[in-house]
Every structure is written in structure tokens, then in C-alpha cells.
Amino acid sequence: MDSGQLFNFVTLGYFVAMVLFIAYLATRSDTIALGARLVSVAGLAIQTLAIGMRWYESYQMPGGVGHAPMSNLYESVVFFAWSIVLIYLLIDIKYRQPSVGAFVIPFAFLAMTWAQLTLNTSIEPLVPALQSNWLTYHVISCFLGYAAFAVACGVSIMYLIKIGKEEKGEGPIGGILGIFPSVRVLDEINYNAIMIGFPLLTIGIVTGAAWANYAWGTYWSWDPKETWSLIVWFVYAAFLHARFTRGWVGRRAAWLSIIGFAATIFCYLGVNLVLSGLHSYGG
Amino acid sequence: MNAKKTSAPDRIWDFFCSLKLTIFNLLSLSITSIIGTVIQQGGSAEEYIKEYGTANYQLFKKLQFFDMYHSWWFVGLLGLFSVNLICCSIKNFPRVWKFVVAPMLIAGDGTFKNSANKAEFSTKESAKTLTSRLAEELQKIFTKPILTEADGKQNLFAQKGIYSRFGAYMTHLSILIIMLGAVIGTVWGYKAYVNIAEGTEVSQVWPRNGNQPIDLGFSVRCDKFEVEFYQGTQRPKEYRSLLTVTENGKIVIDKQKIVVNRPLSYKGITFYQSSYGPAGTGSFEIEVTDNKSGEKLTVNPAQGKKVALPKGFAFSVDDFVPSYQSFGPAAKLHVDAPDGTHRTPFVILQNHPQFDARRGGDFSFALKGYKQPQYTGLQVAKDPGVWVVWFGCFLMIFGSMSAFFFSHRRIWIRISEEKGKTLVQMAASAHRNQPAFADKFEEFKKQIANTIDNKA
């Protein structure tokens, strides 16, 4: 059994978890919710093991190839999926809202599917520029931050769906929407997730700058990746300040959260696929 | 609204303090920043005209889109952003500072009545002994309280995490510090590069923008440059240079190895491994065998240089390839006969030294090696502001964490005697994350209740 096979199980696990979370929306069965959580936890555990195995496998290769599995696009997508599930489960411990899972776990499933089906899974030796501990810290903090933003985006979508129905005032909300947390709770999860993500993104940008300074002698060069990370930072900073401003809470805050996540994804993937710059390794 | 609010200076002040301006600044900075990620920065006029046409080129040039992060309007936006930060902080700081210099040691009736976290007990114990026991208990479960006596009532006040009220200010200040560090680096620092051929030294470097070299005040020699590849591949594993720094004829750093991600610093100037390339012509090591006598000699010619051989013959190396088909390094040679005729060129292979003996002729040749001297390409940076930037970054991380993850928590307990009974009133507040604090307060309440004996 190698890490590649384990990652396939993980992908399958997240698929099952996603289906169960969606089934929960339809059935409101606590048993299904419990099942969805257990499958997610199992998926996360197997994925942790698989990431550890891939790390170990890299050190078994000849010629000093060994490195933390966070260096190319495949490895980062896998770590992104891992982070999403981890952050979701942590938030679930606090809020106990399985309906949120139906809007968050699909991100993890899509990431794993994309990684397993289309990306180059082989362990590559690191070019000299990537041989830095800063890289590991940079990747870990960035992706935990991105994952928190993914959760925030998921609940923001729920918020917009629910408030749209609520404002129409068609009596008590039943059906699937009835099982959504109240808009107040959705707003709170959104805010808390971004409160977790924002300092992590800040650490990610700072460790990235420290790495650039060690590798190239300049901590900031306005390269597209750096600039986009700053754009993301500005959007979430605006979100955090919007909470204290009348007219910017509720709907607009939810939209800012969704725009922030779209900018995050562009920063992560769009810059490599569409633009060019120092971060060309990732593509 | 009072009349003072509407005067012009007040309105201007309110504008610069407003959160609406903050949101405008943050969103406009993020939207305008996109331009520089789509339009290449610092390119040449020809490239831009080819890409966008002359008319657009003129327009973009006027709008400073080709160096937009240093354009007057982007720097202006950053300036407005800073002014907004400073004004907001000036406006709100005194209110927060009051929590430090004038903590609310005594809570009023309103606090005990309206607080979200409150409790009340009454007991037959005397106020005096109960107060000291409650103070001890509070120290055990929360933190050491301050006792204030007023109107014959005992007031206990305890607080934790007051610094978290400053988290936002620390974060705001950190942005200004980072900007300051960037300015220091721009004004008193430089970015440059230098190429040093193996065995040579330099004492000047070339700035990236500008063409006057900068004197280092010391010299840097490249003793050796090497590329290491991953076993059995063409993937580079490590680029390394051995550098020696000499100042006033004395060696101050001797043969230090630098690689990518591990630069060398001396007197605030840092040298980063960045590129490499061939320096000058290489030399071959060739063993020549006289096929008649069996005599051997070794020569080290450069490419194209004629080398004399016994009996009036000569040869020269015409060409070299590091990999000839699948045979590895190969050189193309020709021999000149004593009468000056140019004989047919032939190829010798480093990995097959016996190969040329089969060609016949007067001499046979074996390629033993090829040495190409390299130069190492170094980025050179002097940035006296970098530590200011790192301090700002540290403050930003610490500030944002304390703003988001910690809260200022306060507990008040008032012990008063009325009608032969002792009344204990308790209230608490947290300025953030109230639900979690409410759970914590339930615990405090139980522990305080257990401390009180003889409840009435």
C-alpha cells in the first residue's frame, strides 16, 4: 500500500461524506449526520497518514530527494483539501451544524478529485529555490488560511440563500432551508472563520516574504502572486471592518466573503494558469 | 447632534476617521492592484506598443500603468490609507487607554442588574471574612482582584487580557511600521547584481536601475562555483559558490559556501546566489599518442588554438559538445600536416578513449577532460529597513492574533450588608467572543457559590 492508493481512498471517503451531508439536508436524520461526520473524520485521518507516508517515501528515494510534501501543485491541492476538512471539523465541534458540511466538504472532494485524476502525482526533487524551511511554514499557514476562507464562503452562500427566502416573508421556513442554521449563526460562523483565516493568511504572506528575502534578497517585488495575496488580504480586511459599519453587514458582508474566496482561488490557481511570475513552480 | 459636529474642520476630521473611508481604501487598493498583475511591469516601450498599440501605450504611460505600484495615484491611495489609519487610531485610542489608566474598579447597580453574565447570593456570613475568601477564590479561578471599599460596600474587580483591546491598534501601527521600513530600504538601500568569474574578485556591483557601479568598500572573490545535480538526472540540486571577502588586504570571510536560500552578509550587504554561466574559453585535456613510437604526451589547449606536435605536425580542437548523440562529451579535431595541409576532421569521445586509435594515422588522440571556468551571478542587496519590516510583521501577526483570539474579560463582585444579611452580587463581561465567556462564567458562578457558606 503506498500513499497514492491511500489518497484514492481519501477521495472516495470525501465523496461519501459529501453525499451523506447532502442526504442529511433532505432527511434531517441525526444518524446520517453522525455518519457524515465519522466518514469525514476517517477521511482526514487517512489523509494525514497518506501525507506522512508521502513524506517518508520521498526520503526513501535515492539522491537526497526527501522533502515535506508541500512543494508542487499536486501536493498543495492535497494539503488544501486536508486543511478544508480540518478547519470544517474544528468549526463543527463548536457550532454542531451538519448542514454546513454539505456546502464545505464538496470543496475538499473537488480538490482531491482534481488532484488524483489530472495532476502529476510523482515526487519531484526540489529545485534549489524551493529548498527552504520557510516554504513549509509558508504553505502550511497559507492553506490553513485558505481553508478557513473556503468554510466562510460555504456559509456565506448558505446565508444568501436563506436570507433571500426569509426576506420574502413566506411564513416559517421549512424543507431544506429549515435545517440551515439561523442567519445570525451563519453570519457568526462566517465572521469566526475569517477571524481564523486572516491571521493565518498574514503569517503566510510574512513567511513568504521572509523566504523571498533569503532566496532573492527582496521581501516584496510586486510579482503577481504576491500582489494577489495582498488583494485577498485587503478584501478580508475590508470584510472585518465592514462589520463595524452600518450598511455593510449581512448581505454585503456575505458577498465580500464570497469575493474574497474567489480572489483566494485566483491567487492560488489563476495566477499560475493565467498570469506568470516567480511562483511558476506551482504550475 | 450638537452644533459643533457640523463645522467644516470637524467634518473633514470625521471623513478621515470614517470606517467608510477605510472600506473604500481597502477595496480600491485591491481593485487597482489587479492592473499591475495583468500589465507587465517595467517592460520596454517596444513590447508595450506591440501588445497594446500606440494609442493605448500613450494612455497607459500617462496613467503610469507600467510601474503602477510606484505611480502617484497608487502611492496617493496608500497615503490616504495611512492617514485614515492614523486618524482612526487617534480618535479611538483615548477611549481604550482609559481601560488601562482608569479601570472600572466599582460596578454600579446598573451593571449588576443588566449585565449578560450576572449572579446574586445572600448569606449570613459576615462581609469582612467573606470578602477575603472571595478575593482568594477569584485569584485562584481567574486572577488577583483589586479590593475597593465604597459606601460601606466591598468591591472586588479582576480583569484579564486587557492587551487584546490594543490588538487592532498594534495591527494598524504595524502597517505604518512596515511602510516606514520599505521607505528606509528604498532611500538608504539598493538592489544590485554582479558576476564574478572563478578565481577573480570584484569590489563594485551594478545597481538594477542605473548604470553607475557602486563601490562595496571591500572585495569579494569567487574561489569556486559548482552545480550539483540530482543523481542520474539533469535537475540541479544545488548551485554553490565559495566566496572570500577581503577588506584592506585582510581576509575577513574565508571561503564561505553560499547556496540559494543561504546568502552571505558582510557590513549590511548581502550576496545571494542567483545565476551562473561560462566565463571565457575553456581548456581541454588531451592525451596524444605517437602511433609509431608509442610515446604519449598531454596537452591543455583552448578551443581553436593550434598545438604543435612532434615531426612538424600540429592539431587544434575545432568544436566541443557536452553530449554527442548518446556518447557523452565529444571534441572535433583536425591535424595539420608538416606541409600545412589541413587533414579531415574527426571526433574523439571522452567516454571512449581507445576509440581514436582505430582511426590510424600518425597520432591518436584521447579526450581526458574539458574544463570550462564559470562565473557566479549574485544578487546584491543592501536594505537597512528590512529589520524594521520584520518588526512590523511580527507586530502585525501578534496584534491580529490578540485582536481576534483573546478578549478583555472583567469580573466585578460587590459584597454589601443589609438587614442582617450579606449580599454578594457578581457581574462579568468580555469584549469579544461572548458565548464562550458565558460558558466560562457559569463555572465561575458555581465556584463562587461553593465558596459562600451558610447561604441564606
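In chain B, the axes of helix α7 (residues 127-141) and helix α10 (residues 434-451) come within 10 Å and cross at roughly 145°. Axes here are lines fitted to C-alpha atoms, for helices over the stretch in contact, with angles running from 0 to 180 degrees between N-to-C directions. This is a predicted model, where local features need pLDDT of at least 70, side-chain atom pairs count only at pLDDT 80 or more, and totals for chains, interfaces and linings use all residues. Residues are numbered from 1 along each chain as its sequence is written, chains are lettered from A in the order in which they are written, and side-chain values use heavy atoms, leaving out hydrogens and water.

**The helix pair in chain B**

- α7(B) passes α10(B) in a right-handed crossing, that is, with the near helix turned clockwise from the far one by less than a right angle.
- On the α7(B) side, Arg133(B), Leu134(B), Glu137(B), Leu138(B) and Ile141(B) meet Phe444(B), Gln447(B), Ile448(B) and Thr451(B) of α10(B); contact means heavy atoms within 4.5 Å.
- The residues of this contact divide into 5 nonpolar, 2 polar and 2 charged.

**Where chain B touches chain A**

- The contact takes 49 residues from chain B and 52 residues from chain A.
- Together the two chains bury about 4200 Å², with 71% of it on carbon and sulfur atoms; buried area is the accessible area (1.4 Å probe) that two parts lose on being put together, summed over both.
- Thr37(B), Asn261(B) and Phe404(B) supply 16% of the area that chain B buries against chain A, more than any other three residues.
- Across this interface there are 11 residue pairs in polar contact, both at pLDDT 80 or more (N or O atoms within 3.5 Å; within protein, one must be able to donate a hydrogen and the other to accept it, and residues adjacent in sequence count only if both atoms are side-chain atoms).
- By class, the chain B side has 28 nonpolar, 12 polar and 9 charged residues.

**Salt bridges**

- The count comes to 23 salt bridges over all chains, each a side-chain nitrogen of Lys or Arg within 4 Å of a carboxyl oxygen of Asp or Glu.
- Across the interface of chain B and chain A the rule finds 1 salt bridge.
- Arg235(B) and Glu124(A) meet through their side chains in a salt bridge (2.6 Å, N to O).

Conventions:
Ala, Val, Leu, Ile, Met, Phe, Trp, Tyr, Cys and Pro count as nonpolar, Asp, Glu, Lys and Arg as charged, and the others, Gly among them, as polar. Helices (H or I, at least four residues) and strands (E, at least two) are DSSP runs, numbered from the N terminus.
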